[in-house]
Amino acid sequence: MPQDSFVVGLDIGTTKVCAIIGEKNRDGEIEIIGVGDQPSTGLHRGMVVNVADTVKSIKKAIEEAQLMAGVEVHSVYVGIAGKHIKSINSPGVIAISNETREINIKDVDRVIEAATSISLSGEKEREIIHVIPQEFYVDGQDSIQDPVGMSGVRLEADVHLVTADVSATQNIVKSVHQAGYDVEDIVLDPLASSYAVLDNDEKELGVCLVDIGGGTRDISLFHSGSVYDSKVIALGGEHVTQDVMKGLRTSSQDAEKVKIDHGCAIIDMVPEDETIEVPSVGGREPRTIPRRHLCEIIQPRMEEIFKFIDYEIKQSDYRDEIIAGMVVTGGASGMRGVPELAEQIVDMPVRLGKPWGISGLIEAVSNPKYATGVGLVQYGFEQLEGEHQYSNLSSGGHITDIIRKRMKSWFDDMKSLLSG
Ligand SMILES: Nc1ncnc2c1ncn2[C@@H]1O[C@H](COP(=O)(O)OP(=O)(O)OP(=O)(O)O)[C@@H](O)[C@H]1O
Ligand SMILES: [Mg+2]
């Protein structure tokens, strides 16, 4: 099967590297045909710290997925996260100087470029990974989604810019190249996840997406169909495991297993008389403890995580725009009681976000930890088909293409540097 008939999403996470292969079926639906999930040992808090280990995990994950799908993978859409990610909303303004004063796509490119260049001056060690137009103004008139064809003398734009540290990005690209694959595009993890778990009405109304992984948690705010805020914070489910390890005096592997099998974010959801068995260390006998003891360790940490998220949301200029509530995704949100606990703290409706809008191996990817991987596949198809969900322009996300092409030539340069 030629690679242009399927898309591969590669989520290089702190705890797992997962490769997901999707193809379009006759009804135009994305069908998941291959899934590879391997432990990740080369990352710390969302960033590559050991290229060789990361390469091994990537190879294994892709081999597993391509075996399942019966295809040969050449290139991937890869996710990026880590606390080096910065995002800002940036304004741009230009004069429309042509005789008719009718705004064309070149003017739109110019105003977006104006917004982009102002914000990046003096930031040489950063690479723009996303430019997402939010709103345009023509001669001061706001809320314009697509200014092409309108008349005016002054065009303004607000854009959401996501930038990443060059070295951190290079380490991801290098790991994928050394595993033997090309990078089609680099996508911010929460942006990818949003494709898999949010619906268009939520994005239009205003929604907060929270992805709690192993080493990071990402918060992003969407409204009017676009991204207005995105943040990556280096704290995730691994911290809950560490608390369980210390609190129950057990190994990290056993703490992880006990947490996943018996953890609950709300103590009162667990019957008082329920007990669990916890392995000990140093050859001691396993112990039987009330399950509530485990939850007494977990609940305060989960509360802390959501109090912090609540604080971050309140800091945002867009707090009042979140009408549809919060969607929690990522592996750590799979614990029982997480949406209920979050709802008590953030004071808005909260639901769990599992990947949807797909067919094929749905069961294999229905866990919230696959939101980024599945979202990368959906993002990839959108790029291939030239539609841009987060570009309000009906005339095509031209500037998104410019950024993509620039990134692609950067990936190619890096590849030739590596092989040369
Ligand atoms: N059922 C569950 N209950 C509690 N925690 C869970 C459950 N399933 C997964 N987790 C936790 O989710 C975390 C992994 O989530 P995920 O796979 O989304 O992270 P990642 O993508 O590898 O990491 P990151 O995105 O932070 O780089 C681990 O800490 C794991 O313990
Ligand atoms: Mg992740």
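Reader: What makes you say that ligand 1 sits in the largest pocket?
Author: The model is a predicted one, in which local features need pLDDT of at least 70 and side-chain atom pairs pLDDT 80 or more, while totals for chains, interfaces and linings use all residues. In it, ligand 1 sits in the largest pocket, which means that more than half of its atoms lie within 2 Å of the pocket's grid points. A pocket is an open set of points on a 1 Å grid over the protein atoms alone, where a 1.4 Å probe fits, with protein on both sides within 12 Å along at least five of seven lines.

Reader: Which residues are the closest to ligand 1, and how many surround it?
Author: There are 20 around ligand 1, and Thr14, Thr15, Thr216, Glu256 and Lys259 are the closest. Each belongs there because one of its heavy atoms lies within 4 Å of the ligand.

Reader: How do you know that threonine 15 makes a polar contact with ligand 1?
Author: The pair is a polar side-chain atom of threonine 15 and an oxygen atom of ligand 1, 2.6 Å apart. Threonine 216 contributes a polar backbone atom 2.8 Å from a ligand oxygen, and a backbone N or O atom of alanine 332 lies 3.0 Å from one. Ligand 1 alone would expose 660 Å², of which the protein buries 92% (Shrake-Rupley areas, 1.4 Å probe).

Reader: Which helix gives the most to the shell around ligand 1?
Author: H7 does, with 3 residues. Helix H6 (237–248) and helix H7 (252–262) each supply at least two; helices are DSSP runs of H or I with at least four residues, strands are E runs of at least two, and both are numbered from the N terminus. By type, the shell holds 3 nonpolar, 12 polar and 5 charged residues (Asp, Glu, Lys and Arg are charged; Ala, Val, Leu, Ile, Met, Phe, Trp, Tyr, Cys and Pro nonpolar; the others, Gly among them, polar).

Reader: Why is threonine 116 called buried?
Author: Its relative accessibility is 9%, and buried means under 20%, exposed over 50%, partly exposed in between (protein chains only). Threonine 116 is therefore buried. This residue of helix H2 (residues 105–120) also reaches the backbone oxygen of isoleucine 112 with its side chain, at 2.6 Å.

Reader: Is serine 143 buried or exposed?
Author: Exposed, because its relative accessible area is 51%. Serine 143 belongs to strand E9 (residues 141–144), and its phi is positive, about 60 degrees, although it is not a glycine.

Reader: Why is methionine 150 called partly exposed?
Author: Its relative accessible area is 25%, so it is partly exposed. Methionine 150 is in the loop between E9 and strand E10 (154–165).

Reader: How are residues and chains labelled, and which atoms count?
Author: Residues run from 1 along each chain as written, chains are lettered from A and ligands numbered from 1 in written order, and side-chain values use heavy atoms, without hydrogens or water.

Key: Polar contact = N/O pair within 3.5 Å; in protein donor to acceptor, adjacent residues only side chain to side chain. 1 Å grid on protein atoms, 1.4 Å probe; cavity = no way out; pocket = protein on both sides within 12 Å on 5 of 7 lines; lining within 4 Å. Buried < 20%, exposed > 50% of the residue type's maximum accessible area, 1.4 Å probe, protein only.
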